[in-house]
Amino acid sequence: MKKLFSIAAMALLVGFVGCTKTDDGSDNGDSGKNIRMKIEQLETKGEFASMGVQAYAFTSGEIYFVANATNMIVDHYSIGSFATDLPGKKINLTALTSGSGVNITGIPANADKVYVVGNVPTGVTLNSSGSFVQVKDKALGVATQSNAAGNLDAVVLYGTNAAAFALISGNDYQTVVAPTPLAARVELTDMKLKANSHIVSYKVQGIYMNNIYLQKQLDGDVVAGDLHFGGSVHANYVSTIAPYTTMIPSTSVPALCNSYSPTGRADVSGTVAAGSGKVWGYNLFGHATLIPHIVIHLTDIVCESGYSYTETDGYLTIKGFKDATTLVPITSFDAGKIYKVAAGAFEFGLDDITTDPELGEINLLVKVTLGNWEVQGVKPTL
């Protein structure tokens, strides 16, 4: 059974017992450090209006003890549902989250940094020895941040201790690691015609994520060459070309788009919805300054008498979000948050449709979920 955690509440508590160092930095003669480790968790659940109340799942992970001066891995343990086997470098997840934790003995005395990686994607191999740079620089594809259900259970966690190990008493030390997710999430519930839209009916052919990073390193760094921006070319927004051919692992579900081509999804009384109790949801890499765009491909646009749209294709481009409560523009797409466009919040009209993608600009009011996947609502403004 997997253990469920609140992102905000999950922390790695490490107490160091045993070896100390003299004033000149040399070891005091002990063979190594004995570490009492526990992953503390509160069963607080994040709020998922579209998925039901769920908690973030930590199903497995890796612990690295590193000598900070050299960035070399000096010890490594895997966390999972298996029985604790310290000689075999395995620690049971339940043991780490109950009682007083697990006492790990013989950690090399030069270990002064702890890293935790949670929910390593299937098929991704991380080094267990050598330079930790090879671990933290490991690039993960954006599709690995969704599980088969398309939700948040597969989001990778990464964290290290922010401060030096604190001396508690005698030879006992402790530090806290608060792993954080690499991904954020965008949820769009539906789209509808606004009052005086001058449109009678339309079809949605596809929804595409744009202006996004396709890879991210474990430590949060991105590479400029991994930025995907499709520009204004129609042919770049179809489900049969990269990156929209990228599937969520072990599924045939696209990770970065929803396509209804060639027949399209027709509106019902002006609204096209993801479905009863469903959303169009996309797990994307967070970024300090880059805001993802949502490109929506329309066809069969029929206008009111006195208005016309003569092109076969039309596009809506969402380029920004505003906080639904404060109306303040959102300037960063933060990992660990859900940016949710509530039902009825995305309205558009004929004047918002452009003949090519990425030409117009729609800003949506959104509700943003903070910390432990709380949802913050968003609503589009034109």
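Quick housekeeping. This is a predicted model, so to speak of local features we need pLDDT of at least 70, side-chain atom pairs count only at pLDDT 80 or more, and totals for chains, interfaces and linings use all residues. Residues are numbered from 1 along each chain as its sequence is written, and side-chain values use heavy atoms, with hydrogens and water left out.

Back to the rings. Take tyrosine 202 and phenylalanine 348: their ring centres are 5.2 Å apart and the planes sit at 80 degrees, so this pair is edge-to-face. Tyrosine 202 is in strand E18 and phenylalanine 348 in strand E29 (residues 347-348), so the pair ties together parts that are 146 residues apart in sequence. Buried here is under 20% relative accessible area, exposed is over 50%, and partly exposed is in between, with a 1.4 Å probe and protein chains only.

Elsewhere, Tyr64, Tyr115, Phe132 and Tyr158 form one aromatic cluster.

Now, E18 (residues 199-210) also brings us to E26: the two strands pair in the antiparallel sense over 9 bridges. Pairing takes at least two DSSP bridges between the strands. Which residue does isoleucine 207 stand opposite in E26? That's isoleucine 296. E26 (residues 293-303) is mostly covered, with 9 of its 11 residues buried. E26 is also joined to E27 (residues 313-323), antiparallel again, by 6 bridges, and there histidine 297 stands opposite tyrosine 315.

One loop to look at: asparagine 161 lies between strand E12 (157-160) and strand E13 (166-169). Asparagine 161 is buried, at 1% relative accessible area. Aspartate 112 is 49 residues from asparagine 161 in sequence, but 9.5 Å away in space, C-alpha to C-alpha.

Last, confidence. Mean pLDDT, the predictor's confidence in each residue from 0 to 100, is 81 for the protein, and 76% of its residues reach 70 or more. Residues 1-10 fall below 50, and beyond near neighbours in sequence that stretch has 47 contacts in the model, a contact being heavy atoms within 4.5 Å. Where pLDDT is low, the predicted coordinates should not be read in detail.

Definitions and conventions: Helix = DSSP H or I, 4+ residues; strand = E, 2+ residues; numbered from the N terminus. Phe/Tyr/Trp six-rings, centres within 6.5 Å; stacked < 30°, edge-to-face > 60°.
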